[in-house]
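Please keep the structure open while reading.

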Amino acid sequence: MSAKAAAIPASSARSPLAPWLFLSPFLICFAVFTVYPLIQAVLLSTQTTFGPGATRFVGANNFVALFRDPLFWKACSNTLIYTLGSIFIQLPLALGLALLLESPNLRGRSWLRLVLFSPSMVGVVFAAMMFGLIFEKRTGLLNQLLHGTLGIVGIEWDLDFGWLQQHVMLGLIVASLWMYVGFNMTFFAAALQNVRKDLVEAAIVDGAGPVSRFWNVTIPAIRPVAGFVVLMSVIGSFQLFELPYIMFSSSAGPDNRALTIVLYLFQNGFEVGDLGYATAIGWALAVILVGCTMVQRLLARGEEASA
Amino acid sequence: MNPQPGLRFTRFTAWLLTRSLLLLAVLITFIPFMWLVAASFKSNEEFFRSTFLPMREGSWAVDWSRLTFDAYKRLFVEVDFGRGLINSIFLSSVTGVLATLCCAMGGYALARFNFKGRGFCTALVLAAVLIPGPLLLAPGYQLLYNLGLLDSFAGLILPAIAPAFGVFLFRQAVLSGVPTDLLEAARIDGAGEWRTFMVVVLPLVRPMIGTFLMITFLGVWNNFIGPQVVLQSPDKFPLSVAVAELKRGYYSDYGLQMAGTVVSILPVMILFLLMQKDFVSGLAAGAVKG
């Protein structure tokens, strides 16, 4: 691609300044609001601050403290559980829905795709508000539905069951399922267009059943997109913040059971006022995420090479 | 040819199974939001009497008289939620337009100009996509404090108008959608660089403009952590923060929280339905190609 672009004849009529003028709004904003804070992030992580003005140099102490901080590890394990939940529950469901949408003679296919995609347009804050209300004790939809339906078979469901108190992670994972299954489905649906019809037919001729066709034809064809979707889910899940913060009313839930990495960063930086410690948490997050991206790229490259 | 009866049976089962599973998925998608809308029109006593809409005794007719606009009245009169709506519309559209212009210009420069430093700028854009947002939260806050931009709209808009992935998206759009011959032709006709960009380039990348405007608009509308950190005065809060404030200040007033959430979600849903065609297909195509 760059080779093609390089072949443009350098027209004498073009001012050498023109590209820089076109780039300047972006470059200025980028330099001020991305590059500079990134450099500051290195400095800040060696400081303890009391609000944005008062700072004190502490060297590597923030990182040492972080390693020994049980709450940080709790945040990590909560985030990891949520991430695994989103990968192993969310993505298979998304792929399943995409496959269902592929079924022959389906009417209203594009309408269905649109409907299932639409929850991802709802902001996390608003979805968190909605699910907070749904999981509410007496007035919530979930308890009322369970009370109504189980009542028919004679089981008395406790209307005061505290979903948000009893099943913290489940609440988060269910809410994120509602938001993102359709979103991920869209990518799988696009990937399924890459499945070669002739290979499927050859497999049918060879007597392969639907299960074997799925593993041997479909999965290899969608693997590149699947890798991308997994990476996106990991990056998104590791930055989980609004969902628990709003659902648990500006807290980390009972017993910090909904504490996530970014929520802990937020608490330290903007409730305690230690921007230095918050930045150290930010670096830990960055290392994890850049690491995951590198691993995914290496895996993808390895597959391309062997294919 | 008549298929064997057994085959016909499995076909029917498959048909029934796929349709019921899809129906279930659609129901699960709709029910939470439908419930929220219905419940936002209920009085506090009504919450306990009906799950969805209140019904007349012994019939399937909806008893509309038991619904009320009370929560919405309080939302706009007592809490001044309209202010949040205006703030959200303002922040989202201004950021959306500026970011789109900024990224389209940058992407065009990287795609269709030959200049020293292009490789470096492209690498910079690609590397920046890797930086996780939360890392810049604390240093960004400190920067806005030093610039005196805390608690101002500028402090929210300026950092948001230069997303690196936007430049990348427009670079791809220009590479695949703007032929060099056309640019040469415009130049021979005596059009200046800016005119060429406005009249030739922008119309050719229109689908990407639509998609990117929508992405940015939604991103700002749904952004919570930014305004929560930057803004302090309640009259500047966008809906995302205003709705969270409802939960803090009126924690037992479910009707108010529901109405506020409905008012926050509805505009986005309407916008999405108006623009959905380009958006969903553009997004998916980008993923498969990218």
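Is B:Gly226 buried or exposed? B:Gly226 is buried, because its relative accessible area is 13%. Buried means under 20% relative accessible area, exposed over 50%, and partly exposed in between (1.4 Å probe, protein chains only).

## Basis

This is a predicted model, in which local features need pLDDT of at least 70 and side-chain atom pairs count only at pLDDT 80 or more, while totals for chains, interfaces and linings use all residues. Residues are numbered from 1 along each chain as its sequence is written, chains are lettered from A and ligands numbered from 1 in the order in which they are written, and side-chain values use heavy atoms, without hydrogens and water.

## Around B:Gly226

B:Gly226 sits in helix 12 of chain B, residues 225–230. Helices are DSSP runs (H or I, at least four residues), numbered from the N terminus. B:Ala160 is 66 residues away from B:Gly226 in sequence, yet the C-alpha to C-alpha distance is 9.8 Å.

## A nonpolar patch

A:Leu80, A:Leu84, A:Phe88, A:Ile89 and A:Leu93 make a nonpolar surface patch of about 480 Å². Patch residues have over 30% relative accessible area and no salt bridge, and nonpolar side chains (Val, Leu, Ile, Met, Phe, Trp, Tyr) are joined within 5 Å. A salt bridge puts a side-chain nitrogen of Lys or Arg within 4 Å of a carboxyl oxygen of Asp or Glu. Areas come from the Shrake-Rupley method with a 1.4 Å probe.

A:Ile89 belongs to helix 4 of chain A, residues 70–101. A:Ile89 counts as partly exposed because its relative accessibility is 39%.

## The cavity

The whole structure holds one cavity of 30 Å³ or more. On a 1 Å grid, a cavity is a set of points where a 1.4 Å probe fits but cannot get out, and lining residues have an atom within 4 Å of a point. The largest cavity has a volume of about 30 Å³.

Both chains line it: A:Tyr245, A:Ile246, A:Ser249, A:Ser250, B:Ala244, B:Lys247 and B:Arg248. Helix 13 of chain B gives the most, with three residues. The lining has three nonpolar, two polar and two charged residues. Nonpolar here means Ala, Val, Leu, Ile, Met, Phe, Trp, Tyr, Cys and Pro; Asp, Glu, Lys and Arg are charged, and the others polar.

## The second largest pocket

A pocket is an open set with protein on both sides within 12 Å along at least five of seven lines. The second largest pocket holds about 1200 Å³ of space. Its lining has 26 residues, and A:Leu99, A:Glu102, A:Ser103, A:Pro104 and A:Arg213 are the closest to its centre. Helix 1 of chain B gives the most to this lining, with seven residues.

Notes. Patches are made of residues with over 30% relative accessible area and no salt bridge: like charges are joined within 9 Å, nonpolar side chains (Val, Leu, Ile, Met, Phe, Trp, Tyr) within 5 Å. Helices (H or I, at least four residues) and strands (E, at least two) are DSSP runs, numbered from the N terminus. Grid points are joined across faces, edges and corners, and a volume is the space filled by probe spheres set on the points.
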